[in-house]
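Reader: Could you walk me through this structure, one topic at a time?

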Amino acid sequence: MNRLSPDGGGDDGNDGSESLASPLLLPQRSLINSTSQVALVGANVCPIESLDYEIAENDVFKQDWRSRGKKQMFQYLFMKWSLCFLVGLIVSVIGFFNNLAVENIAGLKFVVTSNMMLAGRFKMAFFVFSASNLVLTLFATLITAFIAPAAAGSGIPEVVGSISAVSASLVVGKAGPMVHTGACVASLLGQGGSKKYGLTWKWLRFFKNDRDRRDLVTCGSAAGIAAAFRAPVGGVLFALEEMASWWRSALLWRSFFATAVVAIVLRALIDVCLSGKCGLFGKGGLIMFDVYSASITYHLTDVPSVLLLGVMGGILGSFYNFLLEKVLRMYNFINEKGTVYKILLACLISLFTSCLLFGVPWLGSCQPCPPDALEACPTIGRSGNYKKFQCSSGHYNDLASLIFNTNDDAIRNLFSRNTDSEFHASSVLVFFLICCVLSILSYGIVAPVGLFVPVIVTGASYGRFVGMLFGGRPHSSLNHGLYAVLGAASFLGGSMRMTVSLCVILLELTNNLLLLPLIMLVLLISKTVADAFNGNIYDLIMKAKGFPYLVAHTEPYMRQLTVADVLSGPLWTFHGVEKVGTIVHVLRITKHNGFPVVDECSQDDSRVLYGLILRAHLVELLKRKDGFMSTSAESRGGGVEFSAADFAKRGSGTRDTIDDLEISAEEMEMYVDLHPFTNASPYTVVETMSLAKALVLFRQLGLRHLLVIPKITNRSPVVGILTRHDFMPEHVLGLHPLLFRSRWKRLRLQVPRTFSIF
């Protein structure tokens with residue numbers, strides 16, 4: 001029997017439009033039932049499939065496209081750019097108020113706590129600090145656990161939860177939630193709203209296929225990064241380098257337009273805040289660490305220390321990924337026990353964080369305020385380099401200035417120039433260790449949290465510590481703040497393994513193009529060193545959650561296999577004119593999303609492949625019943641009563657399934673002509689093509705189905721169908737376990753003995 005890969009186990013109930021925001025955040029589900037395969041990879045694979053990015057070029061679609069006039073074409077292009085503008089506008093406003101809320105909530109909390117400490121009420125200050133953090137963390141956890149457990153909502157719960165989590169002094173960031181929020185906003189606009197949340201706009205229901213919607217979601221993710229860091233170019237490059245697996249020039253222009261709108265709107269809103277209209281603490285400027293706008297110089301003698309930063313950043317970043325992956329696996333085990341355990345875990349992490357942030361600064365020493373300080377010393381209850389904490393008048397606690405502060409203010413203090421004598425090396429080292437521990441422990445809780453800012457603050461503290469050890473040499477102009485910037489770049493490169501987008505984001509954050517050569521150097525070195533130990537943090541998290549993500553490169557063992565070696569079945573095909581009862585039977589016993597359509601040649605009784613028809617189109621045909629024929633010999637033309645709008649991709653909500661249809665026994669004996677609704681030009685590969693070559697084709701074209709045809713013509717016209725699950729190592733190595741043993745042996749030989757833990 002011919003073989004076929006199962007496709008899209010979850011397609012019957014959800015069209016996938018809701019899962020377009022951030023897949024990094026869907027719950028883990030089990031697909032692999034074989035215990036040997038589970039033991040092989042250590043994580044089950046979700047039944048998530050690709051979207052139908054390829055347009056089904058059937059007769060109905062072609063007729064609709066030919067009938068479009070200039071007015072319809074202009075409307076189509078106008079809506080594309082208009083939706084990009086709306087995405088940029090909405091995401092920028094959300095990002096601005098996100099930062100504003102964090103500034104005011106966290107600022108009020110620190111002022112109340114500091115005032116109590118000034119009055120000598122230290123126990124009450126700790127109670128208020130820890131209680132407020134616990135309440136904020138609990139609020140963020142409850143929103144995530146009960147309102148948006150699958151992280152597939154409107155984006156509003158994610159924004160509110162992110163504000164609460166960041167304001168709770170957890171070592172987490174808001175860049176990740178902003179990316180997801182931008183994707184949610186774009187998804188809602190692209191599908192005309194959401195019936196689930198009572199937000200629907202008929203005039204926006206213009207994009208009716210996965211290609212246009214996914215392009216808009218990519219623009220939304222780029223706008224999210226731009227709103228989080230006020231880095232428009234960095235947002236575009238982040239979407240190109242990390243978010244999108246398929247890119248084209250038209251998408252580049254639209255995403256750049258969306259991020260440009262974000263930059264302009266944010267600039268206007270920040271100007272409003274500078275006039276003092278955004279609350280007691282709201283200045284709107286914490287999304288940019290503008291601390292290096294002045295000119296800097298560096299020499300050839302500074303290169304060795306920069307190289308050391310890159311190497312150490314790669315080693316520390318890979319070790320950070322290793323620890324984070326282990327903690328996330330442990331958290332997954334705890335979270336599977338139920339919602340109560342998720343909430344308890346988040347509360348314990350909040351209490352532990354509060355104890356460290358409030359207790360560790362007591363170990364720091366009090367230092368006299370510098371006479372040439374450019375700001376008030378000490379600073380009480382607000383951002384600044386000189387936190388008073390428990391010190392007497394005219395003195396400040398350098399450790400509290402880093403720990404007892406928001407993440408943004410801590411980064412600002414570490415990046416600041418002309419502050420080489422303000423922090424002790426021991427204080428910076430303690431802060432680095434605390435950031436590592438708390439960021440790893442805080443990321444896995446059930447709340448909308450990000451990794452970007454925690455990695456930046458951890459890398460900045462490590463870089464400043466290295467600068468204290470090696471800085472201050474003769475003929476060196478690198479100050480401790482510049483070492484902090486380079487340390488953040490090296491740690492980002494070692495953990496996230498991005499180069500171009502990270503480089504531009506850091507340049508836009510620090511507002512100094514003169515740092516470009518040094519940042520490029522440390523990013524390249526740290527990424528190269530870290531790649532020798534493990535994958536980037538996003539790939540490790542997706543693997544731990546079981547997401548079937550296709551990496552850009554092919555594994556060496558894939559060159560030893562052909563596509564026929566990984567096909568599994570059984571294969572289900574339809575005739576060009578098929579019996580209704582047969583279609584209903586196949587749809588009920590399978591969950592495949594696509595089916596080959598095969599025609600019989602009357603001349604030599606051979607069979608030819610006509611094309612591929614989608615499950616959703618078959619369900620729509622059975623629902624409408626307009627194309628039913630009493631005999632199979634009737635002439636074609638079943639598509640006359642249909643238009644392309646009938647087969648358009650719906651928005652959010654549950655769509656019709658085969659079990660929702662009512663078909664009589666008489667209708668079961670009728671026939672339907674599938675030719676007008678079949679994609680007559682699907683992508684095909686010959687069965688002898690190497691698996692590596694097929695993977696490159698599948699990924700770069702953004703396919704969901706790849707038909708496999710035989711090498712010999714006298715066989716069945718189609719051998720099977722490849723989907724993304726057929727390229728996953730869990731599937732391939734499960735079918736060929738000898739390749740797994742040789743692969744594991746080769747990996748062990750490649751890893752140095754000292755770092756075998758990776």
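Author: Let us start with a term: buried means under 20% relative accessible area, exposed means over 50%, and partly exposed lies in between, with a 1.4 Å probe and protein chains only. This is a predicted model, where local features need pLDDT of at least 70, side-chain atom pairs count only at pLDDT 80 or more, and totals for chains, interfaces and linings use all residues. Residues are numbered from 1 along each chain as its sequence is written, and side-chain values use heavy atoms, with hydrogens and water left out.

Reader: Is alanine 56 buried or exposed?

Author: Alanine 56 is found in the loop between helix 1 (35-41) and helix 2 (59-66); helices here are DSSP runs of H or I with at least four residues, strands are runs of E with at least two, and both are numbered from the N terminus. Its relative accessible area is 18%, so alanine 56 is buried.

Reader: Which residues does alanine 56 touch, not counting residues up to four places away in sequence?

Author: Contact means heavy atoms within 4.5 Å. With those sequence neighbours left out, alanine 56 touches Phe61, His617 and Asn679.

Reader: How are the rings of phenylalanine 96 and phenylalanine 97 arranged?

Author: Rings of Phe, Tyr and Trp (its six-membered ring) pair if their centres lie within 6.5 Å; planes under 30 degrees apart count as stacked, over 60 as edge-to-face and the rest as tilted. The structure holds 21 aromatic pairs. In the pair of phenylalanine 96 and phenylalanine 97, the centres are 5.3 Å apart and the planes stand at 80 degrees, so the arrangement is edge-to-face.

Reader: How many residues apart are phenylalanine 126 and phenylalanine 358?

Author: These two form a tilted aromatic pair, with 5.3 Å centre to centre and 55 degrees between the planes. Phenylalanine 126 is partly exposed at 28% relative accessibility, while phenylalanine 358 is buried at 6%. The pair links distant parts of the chain, from helix 4 (residues 122-147) to helix 11 (residues 339-359), and its members are 232 residues apart.

Reader: Why is helix 6 described as largely enclosed by the rest of the structure?

Author: The expected span of a helix is 1.5 Å times one less than its number of residues. For helix 6 (residues 175-190) that gives 22 Å, which agrees with end C-alpha atoms 22 Å apart. Helix 6 is largely enclosed because, of its 16 residues, the number buried is 15.
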